[in-house]
Amino acid sequence: KHIFLSIILICLTAYLFSYSLYESYELGLGKRIAQIDARSSAMGATGTAGGVNILDNMLNPANTGFLPEGLGVQFVFDVTQLEENRSLPMFNFFDSYVGDATYASNTNFFTDIAMALSYRMRFDNLSIAAALDYKPFANFNAYYEEQVRNNEGSDDDNYPPILAMNYLESDGDIYSYGITTAFAYHRDEPLFQNTSLGFSINFLNGRHRQERRIIWSEEAKDIAILEDEEDYWGYNYDGINFSLGLRSDISDRVSVGIMYAPSFTMNYEDVYAAEEADFDYPSVLRFGVQYRPRNVLRTTFHFDLEMVNWSDISDFYDNVTNYYLGVEHIFPHAVPLRLGFNYVTSPSSSLTDIPAPIVIPTITAGTGFRIYGNLLLDLSGEFSHRKYETMDLFPDGFYNEPALWNNHTPVSRTEPDTVREYYIRVRSSLTYKW
């Protein structure tokens, strides 16, 4: 039963993934993917002091020194569904606020994968481990569609005719080819029994393509002389980043970990302008604690604290602090229940239309089981939501063509729109250990 269930779940999650316009269009940095392992995802994206799988090196390269001896492989299928609703404030005849009216709603699906290979060997009190991985670093995928209609026939409960279709499409990924090595020291004393020092280097390469189109309908072109508007951007990226980590079992009950990834420069080439430039990614400092109480059934608690120094990019950006909580409880017959929560703040800048910080609370859950022999499947699900205000992506004043409207003149709004985004994310990890 486990084998058939695993095949169904992997097939369902192999073609879904998407991200918001905020990271890909407003900031232009892409959605940075902080971790990818399904076990750590189910526990609120914790694991700086408690990662046990290969791709937990994204949280702390020192986790590689705690992998089981011998050879291991891991494959991850990552899923995200994003529903984006944009609304504008509505007022009555007395200029009193009534509520928000949704004028555009988009739900998009894409997919991504990661894979890794590791090997660890032990010599008395010393272990040496290494891992190779291929994983996403940042994601630019987003899709937005908006209809422009006039008010003809709306009093008769009919849909007004479409005058134009607005499209904003962003596509692309930055992938990482990573090499991680770790050295672990083991001793028989109860304090600092296992300590690992890890180092990771990632070679980054990717592309970003973006389109902004306003396509007039045939009905509108029959009424007025109109031309479609189409703008295209294209970039190719490459860069190198590093991370250094330390993890130690300071007692039988407590483990601690720390990871630091310095700021680095990403080079990019403008495909259409044939120009080259670069921009910076922020440094990241992350702390983690794992606590193992004296339970009859094995239970672990995880807490991670992450500081992202966005001011490394520019003084216009604010530094943020992110919080992660997770728990794993093992039931009889080794069935785990994993729960978590995290509170992440998106970067904000006074240079954009979204100067205020945006928080993203997320609840997580998951489990895992042995499919056959040493083949393990981990599953996680996440739900998160965020809300922010930004200016209209397609100002209404552009459509002010008198022949197209009845008793109405489109005027660009000066008040911001309200954007609500709902994320549903699913991850499945297959791990095999020899």
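How many salt bridges does a search of the whole structure find? The search finds 20 salt bridges, a salt bridge being a side-chain nitrogen of Lys or Arg within 4 Å of a carboxyl oxygen of Asp or Glu. The structure is a predicted model, in which local features need pLDDT of at least 70 and side-chain atom pairs count only at pLDDT 80 or more, while totals for chains, interfaces and linings use all residues. Residues are numbered from 1 along each chain as its sequence is written, and side-chain values use heavy atoms, with hydrogens and water left out.

One of these salt bridges joins the side chains of R286 and D304, with an N to O distance of 3.1 Å. Because R286 lies in strand β13 (residues 283–291) and D304 in strand β14 (residues 299–309), the pair ties together parts that are 18 residues apart in sequence; helices (H or I, at least four residues) and strands (E, at least two) are DSSP runs, numbered from the N terminus. R286 is buried, with a relative accessible area of 2%, and D304 is buried at 0%, where buried means under 20% relative accessible area, exposed over 50%, and partly exposed in between (1.4 Å probe, protein chains only).

R286 also takes part in a polar contact of 3.0 Å between its side chain and that of T48. A polar contact is a pair of N or O atoms within 3.5 Å; within protein, one must be able to donate a hydrogen and the other to accept it, and residues adjacent in sequence count only if both atoms are side-chain atoms. T48 is placed in the loop between α3 (38–42) and β2 (70–91) and is buried, with a relative accessible area of 0%. When neighbours within four places in sequence are left aside, the residues in contact with T48 include R286, D304, R247 and M259, contact meaning heavy atoms within 4.5 Å.

The loop between α3 and β2 also holds A45, which has a positive phi of about 65 degrees although it is not a glycine. Most residues other than glycine have a negative phi. A45 counts as buried at 8% relative accessibility. A positive phi, of about 55 degrees, is found as well at D124, again not a glycine; D124 lies in the loop between β3 (97–123) and β4 (126–139) and is exposed, with a relative accessible area of 70%.

The side chains of E421 and R386 meet in a salt bridge with an N to O distance of 2.6 Å, and both E421 and R386 are buried.

Strand β19 (417–433) and β2 each supply at least two residues of the lining of the second largest cavity, which has a volume of about 70 Å³. On a 1 Å grid over the protein atoms alone, a cavity is a set of points where a 1.4 Å probe fits but cannot get out, and lining residues have an atom within 4 Å of a point. The largest share of this lining, 3 residues, comes from β2.

Key. 1 Å grid on protein atoms, 1.4 Å probe; cavity = no way out; pocket = protein on both sides within 12 Å on 5 of 7 lines; lining within 4 Å. Points joined across faces, edges and corners; volume = space filled by probe spheres on them.
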